[in-house]
Every structure is written in C-alpha cells, then in structure tokens.
Amino acid sequence: MKFTLNWLKKYVDFTMSSAELAERLTMAGLEVDSVDELFSHLANVRVALIDNVRPHPNADRLVLCDITVGSEKKQIVCGAPNAAAGLLTPVALPGAVLPGGLKIKKGKIRGEISEGMLCSAGDLGISDDHQGIMELDAALRPGDLLEDALGLADTLIDVDLTPNRPDCASVIGIGREVAAFAGTELRRPPVDLPVLTGKGVPFTVQVDAPAECPRYAARLLRNVKVGPSPWWLQRQLLAIGLRPINNVVDITNFVMLETGQPLHAFDFNKINGSKIVVRKAGPDEKITTLDGQERQLDPAMLMICDEQKPVAVAGVMGGANSEVADDSREILLESACFDPISVRRTARKLNLGTDASFRFERGVDPQGTIYALERVVRLMIEICGAEPVADGFDVCSSLKEPQLLELRVQRTSDLLGVDFTAGELAAFLTAIEFKVIELDSDTLEVIVPGFRVDIEREIDLVEEIARLKGYNEIPTTLPVVPMRFSEQDNNRLLRRKLVEIMTALGFSQAINYSFVAEKHFDLLGLAAADPRRQTVRLLNPLAEEQNVMRTTLLPGLLENVRRNVNHQVADVQLFEIGKIFQPRDNELLPEEKFRLTAVLSGRRHANAPVIHFGQQPCDIFDIKGVAESLLNELRLSAVKLVASEGNEPYCEPGTLLDCRQEDVLLGRCGRLSRTTMKNFALRQDLFFLDLDFELLAQLEQTPRNFVPLPKFPAVRWDIAVLVPDSVGGGEILKAIYDSGEPLIEQAEIFDVYQGDPIAEGKKSIAVSISYRSGEGTLDDDGVGVVHQKIIDLLLSGFDGQLRDV
C-alpha cells in the first residue's frame, strides 16, 4: 500500500517526521518497506516563460527559444513541436541531473548556444508523457522552483500489508491507525449517504449470485464531461506510480486508494437493455478486458453483464465493450462487495491481478460501499460537471450482522502482563473505531466494525490491545521453568538410534516428498486389491507427479537410485525413515505410520579401494546382513529372518525373507524383480529392506547381560555334514544352539560346498564349534562326548551324512 505524507495529512493531524511515522507504523504491525523523498532531483528545475521562438539557422527541426527565468534571460535550443511564445514550461538549468542520469550542461547545438533544456513531463519523471514540452498553468511565476510551483515535494511511504489487514489498503485505513497512536481525530471527506431505493431510475440491477455478491450498488450520472483530470488529482496518482487516464477513471482510482473500496465506471450507452445482471459466466463465454486481452471464461467465474453479454469480470477488471471514452456522456458507477474466494479463484485462473482484485481478495467492508459510491459522485460533480440521477440501486442480500465479542479485562491483563482498567481497554478500541459497551468492571462488549475481517475471537482483541499499547511498552518476563529434563519421546529416540545404526553401516539418509505419483503402484506391480493402492488424494497437488500421499517408501528410494546411477554414481546405499499415509473409514484425516526402508545396489565394498577388495557386487546376503546387524544393535534377539511363504509382486521369487517375531510380521527384505527394475529404468541388481517402525517400537529389547572374562581357554572342533539342498545353514546353527549343551559357546558356518564329488541334490555344510567351560580346562574326552552328541543330532535331524574335513 503506497501513500504520500501530504495525502495522509488531509485525514489526520500529526507532527511526526516520516522516519518516526514509519517506525510507529511498523511497531503497530504495518511494516514499512520504504520511505522515499519524491522529485528531489528537480532541485535545479524552474518555471520558464518562452518570450520568443525563432528558427534554428542550421537545423530544420530545431528552434531557438528566448526564455525568462526570474530576472534572467536565456537562449534554449528546443525540438518540441509545441514550443510557442507565451508558454510557461519547465526548464532544467545547467547542473541539473534528470532521471536516467542525464546531466544538463551549457553548450552548443548545431552551432547555437543552449543554456539548458526545456522539459516534457517524461523527461522530469513526473509521468511517461514525452509528447512535447510540459505546458504549465499560466498563473505560475517564471523563476519559481518547479517542485514548489506544482506542489511536487512529498514523501512516498510503502507499507507491506499482511493478508489479514485489508482495512489498511487505503489512505483512510492508514490514517485510522495513525490517529490511534497520535491521539488525534480521523477526518473523512463529508458525503451524504442517501437511501437508494431503485425507484424511478432508468436502469435495473439483478443479482443472480447473492452468495458471491452480497451487496451491489449503482448510480447513474448524466452530462459528464470526460477529459484530463485537474493537476492535484494527476499529481496524487503520479506520486504513487499510477498513470492518469481521464477524469472519470482517475476519480474511481483515487477513491479506491482513499477508502479501500474498488469502484468501476461503465459507459451507460454501451449497456444493452439498461440492465446490470450479476451472474456466473455461461458456457464458452469470452470477454475482452480493458488490457485488450480476450479471455476464456469459466462457469465458476462471477461476471457483471448486461442483457446480452459480460461487460466486466467481477472484482477484477472491466470489459473493453463498456469502457469510458472521450465521448461518453452518461456514466454508470458500480460499488460492490464480492466474495474474496470467488475473486481470488477468478484472478488466478485468468492470471490477472489488479489493484481491485488485491482488495477484494482480502475482503472489503460491505458497509463502506455506499460511502465510496457517494464520494465518487461528489467528485464527479465537482470535476466533471456531472448531473446525478436522484436515486440508484443498493441490492443487499446476505450481509452479515456485526460481530459481538466479550473482552475480559483481567484475562487481557494476565496475557499481556500489564494491569489494565476497563476504561483503558475501551479507549484503545474506540480509537480504531470499534464500538465498546462496558457490561461490568471486568467485561466489555465489543462490536467489531465490518472493515476488520481479521477479528474473530477474544484473543484477537487482546492482540489489538497489545498492538495499540505498543509492544515496547509491554514488560518482558521470562517463564518459570522447573529444573528437570522433559520427558523424552521414545519413538523419536528410536528413530535417532536407527539413523545412527544405518549410517554406521555405510548408508546415507534420504528425505523424499510425501506426495508421490499414482503410477508408482503400477510400476511396482501391485494388485488392484492391494491395500497400498488405497491412497489419500490431494485436492490441489503441486504437480501431476505428486497427486497422492505415499503408502510405501520404496518407490521414492528407487527414483533416488535411478537418479544417482544416471549421474554415474553406481554404488548406492540409501535409507529413509518416513511416514506413510493410509485413509481411514469415515474420517477426514489419514492414519500416519512410520516405516524404515533401505536399498542397496552396486559394489559390496563401495568405498574401499578396488585393488584390495575388487568389484564384487552385493547380493541378498548383504541386505540380510544389514537387517541382522540392525536387529542385533537394537537387541531384538527374538526377531528372526526366515524364508517367506508369501510374495511381493516387486520381489524376485525365491529371494524374499520375512522379518518375524513369532507370528508378527515386522517387515521384509529381498531382491527387486527384473520387471520392476525395468519399470523404474534400473540396470543393476537392487536389494531392499522394508520394516514397520511402529511394530519395532513396540518390541521388548533383550536386557544387557554382563559376564566376567573367561578364565579358561576354549577349544574349537569342526563338523562337515552332507545334507539335502533344502536344508538351510540357519537351521543347522539353530539345532546346535537349541541342543542345550552348556559347553557350546559359539557355532559358525565357515564353508558351504556343492559339486563334484558330492552327489546331486546334496551339499556340504562345515561348522566350527567353540567349547568352553567356566570351571576348568577341557580335555579331548570331555569335548568328544558333547561333540559326538551334536554330530548324531545333525545326522538324525537332517538326514545327514558325516563328511571328512
């Protein structure tokens, strides 16, 4: 919101400097972006009288102007077509620096002395008009500084408004705030507020969309003389960066900036049927707006129409087919209140932002429409010689009643840490035009004015009190905090622990969007009935590739791997701990669950020198080892990895492992199938681990047991048995540990062999067993008895045969 200091002083008295005003506004919640002195570059530009115009002897398109500047006579070479004797015009004297850095010097032009430059409004940065030198009022005195003669000296202040303060999108709104902290009165331009009945007027207004247009007022003016605006009006618009167009349009723009109420002027003779209809756009309707662009309309857009066609986009921009022209004589004025959401959607769809839509999108005061309308009517009478038709239309359909709120004095004092009285609070609120009734010594009834759309609850009133009191005036107090640690979130601690474990295993953490593409489920090959296809769909997605909430973390990591490989990073170890989202029946919000997913692809020893470790690719045992290491670090000894009896459509058959504690499935790991790899454009084997974090967090960890260091040595004996192919190495180890022999300290497989001379369908598994006693040194006889029991157990339990090692 831009305004000038002199403009503001027309409505409120204050003695603060521009810098002090900017500071007070900022502290009141209206952040000032900039404070600029206007037209300070015109210090050496004065009013000049052209006494005589002579042809230039050496140039056909130039003339010599003899001018008077105060008591001095000067000669200026000029090329403007309107240079004429008796004309008052600005002259930039030597030493002046014009916009763009042009420095004026005395010199010769085509052999003739030129002691300055006669200037157009565009040369001086007053407007963009470069068509001839500027013609000044004949009442001005030659020699006066131009900025004094035209009243250009002023200060421009730019306030960055937050969306919740549309009441300050006007000079009067800013003045209301200034009056409150300056302790003065706000002065509004006086207007009569007639009751508009619509009787006896030569036009009609019909509102077919009352929800989108709760109030629409209109008046007709005749014998309007369209022409340039008076200088004071042009100057005010130019100061804030608006281009004057004609007196009718300039008046509507001026009043919009003054009151915050957008208005529009129609050429009444271009309104078919003398009828205004406020309705939604019809199918395939189009309109050419004032900027000359033809726009395709949407049936949800609110339009201002006559009997046959749209003549304006409601709250955004008028149509070229009803534009006020130089020959317009009858003007229909519109002052309305439109639904902010409707205007916002229309402006976004048309990619058309205007000063009017800026205000309507944030909300205008429906009680202010008639005041702004009558303010325009009065200015049109004064400036354009207009003759208003006695009555007009004011269609009100769904205006809200003023909001009543109770403000508790003690509650306000407690929240702000300042002792207030009911009278003090009432004075603060009355200063910004709230109506206050004192119910008792501790309770005020506050009537919220229509222009404060941001005030909805008692706490909003408390915020207003803090703002008006001054944040610097509120004492700073530190909260009382007990000297104890706050309770730790166990799930958060577990997530931190998982990150530490996975990074220690060489993985890097990925963080992906929770919004994913629906096509990921097809790429994974999920069945139509798979619950992971039941997604939460976004109403307003950032992109088509992010239209649903994810139900699995795996696709995002697969995309990460593909991107890395495409950038020649073939060794990838990634994990993500994130939420998945599953819809719940009859509930608006989805169920959110954490999962841990990891992917592994490329070389087994990715960060080690090739000369020492080679380029051996990782396999299913690597991801299995990751899972086992993770479970071991979490001390979840009851969780086991077993061959899965189920399947996943994206997993290679025969490689899927279940992570289980008894009958509870905690997750799975395996190798990605060739089909899924092709779908995700992956060219190298990839292994995955997917665990349910919520279930992991519920498991009981194995207690830490500390035992003294052994006093006696261990002995290691080996066994090699031939067993069927179907027997797993894990089953062999489990049987050894489950034997219950107390001397067994550790068992590990050190060789698995198939091939000649072992018969087909058989394999050799070699196990090394460590024996140790806590009571003494073992001898061969004692170990041999236990070792033979283990051999017999393996041979009988697995249909095995002893093999010499």
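Student: How many bridges join E13 to strand E16?

Tutor: There are 4 bridges between E13 and E16 (residues 275-280), and the two strands run parallel. Two strands count as paired if DSSP finds at least two bridges between them. Please note that this is a predicted model, in which local features need pLDDT of at least 70 and side-chain atom pairs count only at pLDDT 80 or more, while totals for chains, interfaces and linings use all residues. Residues are numbered from 1 along each chain as its sequence is written, and side-chain values use heavy atoms, with hydrogens and water left out.

Student: Which residue stands opposite valine 207 there?

Tutor: Valine 207 faces valine 278 in E16.

Student: What sheet does E13 belong to?

Tutor: E13 is part of an open sheet of 5 strands, in the order E13-E16-E19-E20-E21, with mixed pairing. Its edge strands are E13 (204-207) and E21 (317-318), each of which pairs on one side only.

Student: How many helices and strands are in the chain?

Tutor: The chain holds 21 helices and 39 strands. Helices (H or I, at least four residues) and strands (E, at least two) are DSSP runs, numbered from the N terminus.

Student: Is the chain spread out or compact?

Tutor: The chain is more spread out than a compact globule, because its radius of gyration is 42 Å, well over the 28 Å that the globule rule gives for 805 residues. That radius is taken over C-alpha atoms, and the rule is 2.2 Å times the number of residues to the power 0.38. Along its principal axes, the C-alpha trace spans about 135 × 80 × 60 Å.

Student: And what share of the residues count as buried?

Tutor: Of the 805 residues, 48% count as buried. Buried means under 20% relative accessible area, exposed means over 50%, and partly exposed lies in between, using a 1.4 Å probe and protein chains only.

Student: Let us move to H13. How many residues does H13 have, and how far does it reach?

Tutor: H13 (residues 490-504) has 15 residues and reaches 21 Å from its first C-alpha to its last, close to the 21 Å expected at 1.5 Å a residue. The expected span is 1.5 Å times one less than the number of residues.

Student: Which residues of H13 are buried?

Tutor: Leu494, Leu498, Ile501 and Met502 are buried in H13. Seen down the helix axis, the buried residues fall within an arc of 90 degrees, so they line one face of H13. The arc is that of the directions from the helix axis to the C-beta atoms. The face turned away from this buried side carries the exposed residues Arg492 and Ala504.

Student: What covers the buried residues of H13?

Tutor: The cover includes strands E30 (572-582) and E31 (591-601), together with helices H17 (620-633) and H19 (693-698).

Student: What happens at the start of H13?

Tutor: A side-chain oxygen of aspartate 489 comes to within 3.1 Å of the backbone nitrogen of asparagine 491. This is a polar contact: a pair of N or O atoms within 3.5 Å, where within protein one must be able to donate a hydrogen and the other to accept it, and residues adjacent in sequence count only if both atoms are side-chain atoms. Just after H13, glycine 506 takes a positive phi of about 100 degrees.

Student: Where is arginine 467, and why does it count as buried?

Tutor: Arginine 467 is in helix H12 (residues 458-469). Arginine 467 counts as buried because its relative accessibility is 7%. The side chain of arginine 467 reaches the backbone oxygen of alanine 28 at 2.9 Å. Leaving aside residues up to four places away in sequence, arginine 467 touches Ala28, Gly29, Arg165, Glu177, Ile432 and Arg452. Such a contact means heavy atoms within 4.5 Å.

Student: How many residues of strand E6 are buried?

Tutor: In E6 (residues 88-92), 5 of its 5 residues are buried. Leu88, Pro90 and Ala92 point one way, and Thr89 and Val91 point the other way.

Student: Which strands are joined to E6 by bridges?

Tutor: E3 (residues 45-55) is joined to E6 by 5 bridges, running antiparallel, and valine 47 stands opposite proline 90. E11 (residues 117-118) is joined to E6 by 2 bridges, also antiparallel, with valine 91 opposite leucine 118.
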